[in-house]
Amino acid sequence: MAKGVRDYKRRIRSVNNTMQITKAMKMVAAAKLRRAQERAEASRPYTGKLQEVVARLVAMAVQAKHPLLERHDPIKKVTYVVITADRGLCGAFNANIIRKAIEAISQDERPVEAGIVAVGRKGRDFFRKRGYNMQGDFINLGDKLDYTQAREIGQFIAQLYEEGAADEVYLVYAHFVNAMRQVPTVQKVLPIETPEEITAEAEEFAKFAPDYIYEPNVEEILISVLPRYLMSLVYHAMLESKASEHGARMTAMGNATDNASELVQVLTLEMNKARQAAITAEIIEISSGAEALKKGGK
Amino acid sequence: MAGNTFLLEVVTPERIALSEEVKFVVVPAMEGELGILSNHAPIVAGLKIGVLRYTQPNGEVHYMALSGGLMEVIDNEAKVLAETAEHGREIDLLRAKAAKERAERRLAERKDQISYVRAQMALLRALARIKASELERGGYSGY
């Protein structure tokens, strides 16, 4: 016999419970996404301005030297800072970032050794399990990122670079487009280079501003500014990844909620059919019983 | 009044802490305080942990605690980029004083190099915040 009405009822209740959880997670992700976006927005003036200043300093003070500007030669060790989430339940978000990192490593045709600095538990667990060269990890960063965390990570990778444990450093994170779309991105951060259009602008500026004053001098300013620039890049990438994570979770949980409500509909229909079948069977039993009595009575 | 004010912006990774026309600003540059009036020559200055003070067009003076960074002045605009910046009136004086005592205790412990340097920085930040807060309230006791 087909499943009884009670079985369906139990099943529907369970799916409904799951749906309530996914719905709540979706709403929470939506709220957190908005906050993460606001933070990313708020960090933009700082990062943008710092980038301009660095570009101008580098363009105007060509002779100035700093370990973070210096190119290493030959390049033997390349470090990837992979920024993932600490938690799952956000669709293919973590998998996409990890895949991007692996892709970048395998596409590098130079004879280099790849190292991983994992930011976020999901990335750390993945790369550690597969025996990658782990240079460091930062986990349990929480939903409320602050600049101090980025500073720590920035200091850490600057140190790797200065000690020669890394000859190039890349960030791998999810660029946030909207809640439905996050693009895994690889960005080179060390040695420090500024984007071309900003460099061109800065060089143009340098021609007309020979009387720029440095207080106390270019070297001191580079020492103070370059690590901060690196940190601001890390901070920016972390904020983007965080917004992407919440966006991905919101979408994933929205889909889960839709699927669950569809399942409830299907199950309700099946349950009604089963109930109808049971009633029909009962009526047939009664009427055939009555029929039998009638015949027997004669 | 036109001509003797300029735009002062104080920007941190978390927010734009200040953006207004001012007459005069003094920042804690690496080699001492540095005052900027309008139409200053282009300059980039490294900043240390300390107190920034600015004078509004109406003559009012306000104070902010900065935790290092840099300032750039071009085209009559002064931009201060700092890791943190707090208005004197926002600062919780009791907390700042507690932070100062904590840092002093850590310094007295003299554990290892790194925590020593960290405690030193924390102490400087706490002192800057206390100073900015007390100056803003007009009751600077001096440290």
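## Basis of the model

Residues are numbered from 1 along each chain as its sequence is written, while chains are lettered from A and ligands numbered from 1 in the order in which they are written. Because the model is predicted, local features need pLDDT of at least 70 and side-chain atom pairs count only at pLDDT 80 or more, whereas totals for chains, interfaces and linings use all residues.

## Chain A overall

Chain A holds 6 helices and 6 strands (DSSP runs numbered from the N terminus: helices are H or I of at least four residues, strands E of at least two). Read from the N terminus, the order of elements is α-β-α-β-α-β-α-β-β-α-β-α. The radius of gyration of chain A, 30 Å, is well over the 19 Å that the globule rule gives for 298 residues, so the chain is more spread out than a compact globule (the radius is taken over C-alpha atoms, and the rule is 2.2 Å times the number of residues to the power 0.38).

The C-alpha trace of chain A spans about 125 × 40 × 30 Å along its principal axes. Of its 298 residues, 34% count as buried, that is, with 20 or more other C-beta atoms, placed from the backbone, within 10 Å of their own. Among contacts in chain A with a separation of 6 or more, 81% are between residues 24 or more positions apart (a contact means C-beta atoms, placed from the backbone, within 7 Å).

## The sheet of chain A

Five strands of chain A form an open sheet with mixed pairing, in the order β3-β2-β1-β4-β5 (strands pair if DSSP finds at least two bridges between them). At the edges stand β3 (133–138) and β5 (181–190) of chain A; each has a single partner strand, so one side of each is left without a neighbour in the sheet. From one strand to the next, the twist averages 25 degrees (axes are lines fitted to C-alpha atoms, for helices over the stretch in contact, and angles run from 0 to 180 degrees between N-to-C directions).

Strand β4 (residues 168–178) of chain A runs antiparallel to β5(A), joined to it by 9 bridges. A:Tyr173 is opposite A:Thr185 in β5(A). Helix α2 (residues 93–107) of chain A packs on the sheet and touches β1 (77–83), β2 (113–119), β4 and β5 of chain A; its direction makes about 145 degrees with that of β4(A).

## The domains of chain B

Chain B is divided into domain 1 (6–88) and domain 2 (92–137), with bounds from an automatic or database domain assignment. Their C-alpha centres lie 22 Å apart.

In chain B, 11 residues of domain 1 are in contact with 9 residues of domain 2. On the domain 1 side, β5 (43–55) and β6 (61–74) of chain B are the elements that give two or more residues, and β6(B) supplies the largest share, 6 residues.

Key. Contact = placed C-beta atoms within 7 Å. Buried ≥ 20, exposed ≤ 12 C-beta atoms within 10 Å, placed from the backbone.
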